[in-house]
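Here are my notes on the model, as numbered points. Have the structure open while you read.

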Amino acid sequence: MRDAGFFRRWMTAATAVVERDADHLTQLDSPIGDADHGSNLLRGFRAVSRELDAAEPAAPGEVLQLAGRTLISTVGGASGPLYGTLLRRAGKELGAAPEVSDEELRRALHAGVAAVAQLGGAAPGDKTMLDALVPGVAALGTSYRAAAEAAANGALATVPLVARKGRASYLGERSAGHQDPGATSSALLLGALAEVAGADGDGEGAAA
């Protein structure tokens with residue numbers, strides 16, 4: 001079972017990987033976006049860490065809902081609403097329970113991904129964050145590590161795609177040949193989850 005501490009450690013690990021890779025995310029965003037994805041996410045996840053430290057939510061769902069609200073209010077562009085929706089919806093699915101199972105987490109993240117797809121009107125293959133999130137969350141049924149690997153592979157697979165949604169879609173065929181920054185940061189988020197699960201000694205365990 002996963003308590004609020006596990007989810008807070010996840011958000012802390014996510015902040016750390018965004019800090020590490022912020023420049024890389026911005027470099028990926030430069031040719032097909034507004035060259036601000038890394039800096040925007042860095043500002044947002046640093047704010048999430050501050051809010052979680054101040055509020056100390058006691059339930060997993062409360063952690064994710066607070067993180068989602070914070071990202072929506074602090075991250076510019078489309079990233080804030082999309083990441084915020086992912087975490088807020090997952091948090092709502094988990095409710096106020098003080099502990100949740102791995103299967104409940106998997107179902108909650110699946111609901112969050114569905115909400116992102118609805119908000120953005122996108123689907124896998126459109127060269128968006130869904131190209132990492134959909135295979136990543138699906139692979140949670142195997143293990144946390146498998147989820148991280150599937151998400152990372154999904155991000156890499158966006159390189160040859162032509163963007164059909166988001167800022168990159170304005171470039172048409174010229175968007176091909178570039179890795180999608182949103183898919184890349186989504187893979188980082190699931191990688192952080194696997195890191196925390198691994199630190200707890202069960203990163204290879206199935207979340208189902």
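1. Let's start with helix 2. Its 19 residues should span 27 Å at 1.5 Å a residue, and the end C-alpha atoms are 27 Å apart, which agrees. The expected span here is 1.5 Å times one less than the number of residues. Helices are DSSP runs (H or I, at least four residues), numbered from the N terminus.

2. Before going on, some housekeeping: this is a predicted model, where local features need pLDDT of at least 70, side-chain atom pairs count only at pLDDT 80 or more, and totals for chains, interfaces and linings use all residues. Residues are numbered from 1 along each chain as its sequence is written, and side-chain values use heavy atoms, with hydrogens and water left out.

3. How do helix 1 and helix 2 pack? Helix 1 (residues 4–29) meets helix 2 (residues 37–55) at an angle of about 165°, and their axes are 7 Å apart. That angle makes the two helices roughly antiparallel (over 145 degrees). Axes are lines fitted to C-alpha atoms over the stretch in contact, with angles from 0 to 180 degrees between N-to-C directions.

4. Who makes that contact (heavy atoms within 4.5 Å)? On helix 1, look for Met 11, Val 18 and Leu 25, among others; on helix 2, the residues include Leu 41, Phe 45 and Leu 52. The residues of this contact divide into 10 nonpolar, 6 polar and 5 charged. For the sorting, Ala, Val, Leu, Ile, Met, Phe, Trp, Tyr, Cys and Pro are nonpolar, Asp, Glu, Lys and Arg are charged, and the others, Gly among them, are polar.

5. The cut-offs for relative accessible area are under 20% for buried, over 50% for exposed and in between for partly exposed (1.4 Å probe, protein chains only).

6. Ala 35, in the loop between helix 1 and helix 2, has a positive phi of about 60° although it is not a glycine. Ala 35 is partly exposed, at 36%. Just after helix 2, Glu 56 has a positive phi of about 45°, and Glu 56 counts as exposed at 54%.

7. Finally, Thr 184 sits in helix 8 and counts as buried at 9%. Leaving aside residues up to four places away in sequence, Thr 184 touches Leu 25, Leu 28, Ala 155 and Gln 179.

Definitions and conventions: Angles under 35 degrees count as roughly parallel, over 145 as roughly antiparallel, 65 to 115 as roughly perpendicular and the rest as oblique. Contact means heavy atoms within 4.5 Å.
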